[in-house]
Amino acid sequence: QDNGTTTGSHLGLGDWTRDLGGDGFYAAFHPTDPALRYAEYQYGNMRYSMTPADEAPQWEGWMNGIADDARVWWDAPYMLHPANPDDAWCGRQQVYKMAGAPWGVWQPMSSDLTANVQPGLQWRAVTALAGSPVDADVVAAGTSDGRVWWTANGGAFWQELTAGLPGQFITDLAFLHPDTLVCTVSGYRNAEYTPHIFKRPLFGGGDWTPITGDLPHHPI
């Protein structure tokens, strides 16, 4: 809590700097531009910096195009797509995309992916994003109310993949393989501590298969 975002190196363990305040979350670095870095604080307040890597970052707002009334999770997900890091994606109750990040405009690429029902409507939001390592049009999204979706055409059509999952908070998504999606699910908010990890193929159909194995009784 309130740790902010820090920058440093294992080569100088006593020389780390606090660069952005608030509750620090995910930090991203462009893989070919060492000056371009991203960070955020709570409720999806995203920032970018173009200062050289050896200088203190000067943060700029990175919210252009996102609706003021969008529902957003405390630890809101965003990513530079692994197949095209100039495309950024982020989650509210919808999934947004910015082409030519960070100088573009966020565009909604989906409808509301949550169940969109009370109670707790304000906390129904996208909580996990993942991109295919080989295809910039393939993106998966998970929500706080247990839904998972994916698109194979850059957001023009989303297919729901929720069937077979426990109906709890989607904590993470990842591509184990270009055709295999992994999902972690947590019931912690409902005092349900069973660990849940699932995988499934995307292209050609298939079902979720539990791969939790013998992990200890603790939410993931």
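What share of the contacts in the protein with a separation of 6 or more comes from residues 24 or more positions apart? The share is 39%, where contact means heavy atoms within 4.5 Å. This is a predicted model: local features need pLDDT of at least 70, side-chain atom pairs count only at pLDDT 80 or more, and totals for chains, interfaces and linings use all residues. Residues are numbered from 1 along each chain as its sequence is written, and side-chain values use heavy atoms, with hydrogens and water left out.

**Overall build**

- The protein has 18 strands and zero helices. Both are DSSP runs numbered from the N terminus: strands are E, at least two residues, and helices are H or I, at least four.
- Along the principal axes, the C-alpha atoms fill a box of roughly 50 × 40 × 35 Å.

**Surface and charge**

- Of the 220 residues, 48% count as buried. Buried means under 20% relative accessible area, exposed means over 50%, and partly exposed lies in between (1.4 Å probe, protein chains only).
- The accessible surface comes to about 10900 Å², and carbon and sulfur atoms hold 53% of that.
- There are 11 positive and 24 negative charges, and their mean positions are 6 Å apart. Lys and Arg count as positive, Asp and Glu as negative; His and the chain ends are not counted. Charges are placed at NZ of Lys, CZ of Arg, CG of Asp or CD of Glu.

**V139**

- V139 is in strand β12, residues 139–143. Its relative accessibility is 0%, so V139 counts as buried.
- Beyond four places in sequence, V139 has contacts that include W89, W149, W150 and W158. M79, H81 and L129 are also among them.
- V139 and Q122 are 17 residues apart in sequence, yet 24 Å apart in space, C-alpha to C-alpha.

- T184 is in strand β16, residues 180–187. T184 counts as buried because its relative accessibility is 12%.
- The side chains of T184 and T171 make a polar contact at 2.6 Å. A polar contact is a pair of N or O atoms within 3.5 Å; within protein, one must be able to donate a hydrogen and the other to accept it, and residues adjacent in sequence count only if both atoms are side-chain atoms.
- T184 also touches H196, I197 and I220, among others.
- T212 follows β18 (209–210). At 16% relative accessibility, T212 is buried.
- A polar side-chain atom of T212 lies 2.9 Å from the backbone nitrogen of I197. T212 touches P195, H196 and I197, leaving out residues up to four places away.
- L215 is also in the segment after β18. L215 is partly exposed at 40%, and is in contact with P195, I197 and I220 beyond four places in sequence.

**Backbone exceptions**

- Most residues other than glycine have a negative phi, and most peptide bonds are trans.
- The A101 to P102 bond is cis, with omega near 10°. P102 is in the loop between β9 (95–99) and β10 (107–108).
- Q118 and P119 are also joined by a cis peptide bond, with omega about 0°. P119 is in the loop between β10 and β11 (126–131).
- N116 is in the loop between β10 and β11. N116 has a positive phi of about 60° and is partly exposed at 42%.
- Y43 has a positive phi near 60°. Y43 is in the loop between β4 (37–41) and β5 (45–49), and is partly exposed at 39%.

Conventions:
Accessible areas come from the Shrake-Rupley method with a 1.4 Å probe; for residues, only the protein chains shown count as cover.
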